[in-house]
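Here's a quick briefing to go with the structure. Have a look at the fold and the loops, then read on.

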Amino acid sequence: CGSGWQAACSFRPLAGREDFEKYKSVKINSNDNVSTNGISLELKNGITFRVYFKINDVSKVDASSVTINGKVTDLKKNSKGYYLDVENIKSNRLNEFYTFSLGGTTVKACALSYIYSSIKYNIADGATKALYLYYNTLEN
């Protein structure tokens with residue numbers, strides 16, 4: 001391990017859920033047509049934070065209602081459902097919240113919201129722990 005990485009390289013247990021309570025996602029409003037359906041982090045080409053939505057009738061979703069931080073964006077879809085992405089998040093900005101809005105449903109979350117959920121539901125894997133340690137190293 002190189003200098004500055006000692007904390008990340010040595011074994012330390014992942015922080016408790018209460019340490020990440022301030023990063024949990026918050027549903028601001030919702031409706032019968034659109035609901036949130038989970039969050040994820042993609043670590044393939046940089047850090048991408050993804051919020052999934054369940055849409056009952058996509059024809060009722062106006063394209064102008066698909067926004068991140070008030071800026072209209074494209075609604076994407078994969079085998080897991082509809083989603084909105086924030087791509088290329090810098091590691092020192094994992095704690096920055098974004099407001100995701102889709103068809104009258106709004107949720108506020110950040111990349112660390114995923115870590116909070118992983119700890120809460122006891123599904124934190126090696127990548128989640130490594131990302132936490134990396135972020136924690138930058139914070140200290």
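Is Asn88 buried or exposed? Asn88 is exposed: its relative accessible area is 55%, and the cut-off for that label is over 50%. Bear in mind that this is a predicted model.

**Overall fold**
- The protein has three helices and nine strands.
- Along the sequence, the elements run α-β-β-β-β-β-β-β-β-β-α-α.

**Burial, contacts and surface**
- Of the 140 residues in the protein, 39% are buried.
- Take the contacts between residues at least 6 apart in sequence: 63% of them link residues at least 24 apart.

**Asn88 and its loop**
- Asn88 sits in the loop that runs between strand E7 (81-86) and strand E8 (98-102).
- Its backbone is worth a glance: phi of Asn88 is near 55°, a positive value in a residue that isn't glycine.

**Asn69 and its loop**
- Look for Asn69 in the loop between strand E4 (67-68) and strand E5 (71-72).
- Asn69 has a positive phi, near 55°, and again we're talking about a residue other than glycine.
- Why is Asn69 classed as partly exposed? Its relative accessibility is 47%, and partly exposed covers what lies between the buried limit of under 20% and the exposed limit of over 50%, so Asn69 gets that label.

Terms used: Residues numbered from 1 in each chain as written. Predicted model: local features only at pLDDT ≥ 70, side-chain atom pairs only at ≥ 80, totals over all residues. Heavy atoms only, no water. Helix = DSSP H or I, 4+ residues; strand = E, 2+ residues; numbered from the N terminus. Buried < 20%, exposed > 50% of the residue type's maximum accessible area, 1.4 Å probe, protein only. Contact = heavy atoms within 4.5 Å.
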